[in-house]
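This report describes selected local features of one protein chain. The sequence and the structure come next.

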Amino acid sequence: MSVPEPAGPRCFCRDCLADLDMGVQNLGVRRCTACGSPRLVRHRSLAGLTIAHIDCDAFYATVEKRDNPDIADKPVIIGGGKRGVVSAACYIARTYGVRSAMPMFKALEACPHATVIRPDMAKYVRVGREVRQAMQALTPLVEPLSIDEAFLDLSGTERVHGMIPAKVLARFARDVERDIGITVSVGLSCNKFLAKIASDLDKPRGFAALDQEEARLMLAEKPVGFIFGVGPATQERLVQRGFRIIADLQKADEIEMMRQFPSEGRRLWRLARGIDDRRVEPDRGAKTISSETTFETDIRDFATLEKILWRLCEKTSSRLKSSELAGSTVTLKLKTADFRQRTRSQSIAAPTQLAAKIFSICREMLAKEIDGTAFRLMGAGVSALREGSAVDDTDMLDRRAAHAERAVDSLRKKFGSAAVIRGIAYEGPEKAQE
Ligand SMILES: [Mg+2]
């Protein structure tokens, strides 16, 4: 199978943006013929790739180095404070084995001469916002993943910019460096899954393009856990059935996969082939109703998180009910002790506003995230909203649950919310599912 090669430049310079003729006679060219820069981007599908993942390089550490040139060439660790873990390590510190989320004492064992800086979140948020604004000047379709990374969909922007997305992105990276003083890495591909993989291929200050055919080859030898959303538990189940590396999934039959893994078989089968239909969804802002809470101390265990989750789902549900809204995408948000965000979403067939339903979906997603990681924040949200309070009446089980939940709601209205305590806040998780 061969990929049709789109018309347009297949090689250009990241510094001066000049197109380079890649005729046979020029295949050995290592530098830009216009400016002499060695930073050339070369790819057969360059003109056809439109989905990007942009990730700032060692973001917190890079911002600190920008603000203090004395430490530019030194190993820098952002961390410490009461949490006692590494929030970010610059690339020099990483060469000593320092990694994010590592306990500080271990990091300092590995790199005793590192400069340690307490995180200044307000500053990072400010810089992150500047980068975000620069992204939004390229396309309205910017989906932030965290303070320092986002997906961009640049389909159909070639006429506006007068150049292909690849060049727009190279220019963006160059301008961010000049105007904001930090570096980013760009991954360019045909969908979110592959763009995210690409941005990691050439870090820091990188630019990598990846098409589906290359991705298939590259993915083949990776363990199945490389696919996002495949946590240790799912990986274990896959390995037990003979799916150890992604090539095993690529060889599998789609229907057979769906039979063996009803909830995720189809998704895994497709992702293994580099197929991902998720759209880049711009900041949904007010179109999500959610509740979240930051914990006093970090939490790792499921039982504790589950209890908090139930309260969050009740809160979200009551907000939906009071604004007469229901939604068909349920999202669980977690922030790890080192400020990494994990967002997991699931779409359901019919919109809901029921606490019990939101909870059961979030709970399932939460269970997959329990892997010893310490969390500092959790949220439960519902999006893809529509108006209506007579929802959740589509099948009999939902109808019964809706009926029970509304009965409780009306009691609460009469007697106050403390009058009726529901679900695991009182009886444990099993009862909540009745
Ligand atoms: Mg980053």
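Ser-37 is buried, its relative accessible area being 7%. The model is a predicted one. Ser-37 belongs to the loop that runs between strand S1 (11–13) and strand S2 (40–42). Its side chain makes a polar contact of 2.6 Å with the side chain of Asp-15. Beyond its neighbours within four places in sequence, Ser-37 is in contact with Cys-13, Asp-15, Arg-30, Arg-31 and Cys-32.

**Cysteines**

How many disulfides does the model contain? The count is zero. A disulfide is a covalent bond between the sulfur atoms of two cysteines. For Cys-35, the closest cysteine sulfur is that of Cys-13, and because the two are 3.7 Å apart, they are too far from each other for a bond; the cut-off is 2.5 Å. Cys-35 is partly exposed, with 42% relative accessible area. Cys-313 is in no disulfide either, and the nearest cysteine sulfur, which belongs to Cys-362, is 4.3 Å away. Cys-313 is buried, at 0% relative accessibility.

**Helices H1 and H4**

Two packed helices are described by the angle between their axes and the distance between the axes. Helix H1 (residues 59–67) and helix H4 (residues 121–136) have axes that come within 10 Å and cross at roughly 95 degrees. Angles of 65 to 115 degrees count as roughly perpendicular, so H1 and H4 are roughly perpendicular to each other. On the H1 side, the contact is made by Phe-59, Tyr-60, Val-63, Glu-64, Arg-66 and Asp-67, and on the H4 side by Met-121, Lys-123, Tyr-124, Val-127 and Gly-128. By type, the residues of this contact comprise six nonpolar, one polar and four charged.

**Backbone features**

Lys-203 and Pro-204 are joined by a cis peptide bond, with omega at about -10 degrees. Pro-204 sits in the loop between helix H7 (192–199) and strand S10 (207–209). Arg-205 lies in the loop between H7 and S10. Phi of Arg-205 is positive, although the residue is not glycine. Ala-101, also a residue other than glycine, has a positive phi too. Ala-101 is placed in the loop between helix H2 (91–94) and helix H3 (104–110). The table lists the values for these two residues.

| Residue | Phi | Relative accessibility | Class |
|---|---|---|---|
| Ala-101 | about 75 degrees | 41% | partly exposed |
| Arg-205 | near 55 degrees | 36% | partly exposed |

How values were computed: Residues numbered from 1 in each chain as written. Predicted model: local features only at pLDDT ≥ 70, side-chain atom pairs only at ≥ 80, totals over all residues. Heavy atoms only, no water. Helix = DSSP H or I, 4+ residues; strand = E, 2+ residues; numbered from the N terminus. Buried < 20%, exposed > 50% of the residue type's maximum accessible area, 1.4 Å probe, protein only. Polar contact = N/O pair within 3.5 Å; in protein donor to acceptor, adjacent residues only side chain to side chain. Contact = heavy atoms within 4.5 Å. Axes fitted to C-alpha atoms, helices over the stretch in contact; angles between N-to-C directions. Parallel < 35°, antiparallel > 145°, perpendicular 65-115°, else oblique. Nonpolar A, V, L, I, M, F, W, Y, C, P; charged D, E, K, R; others polar.
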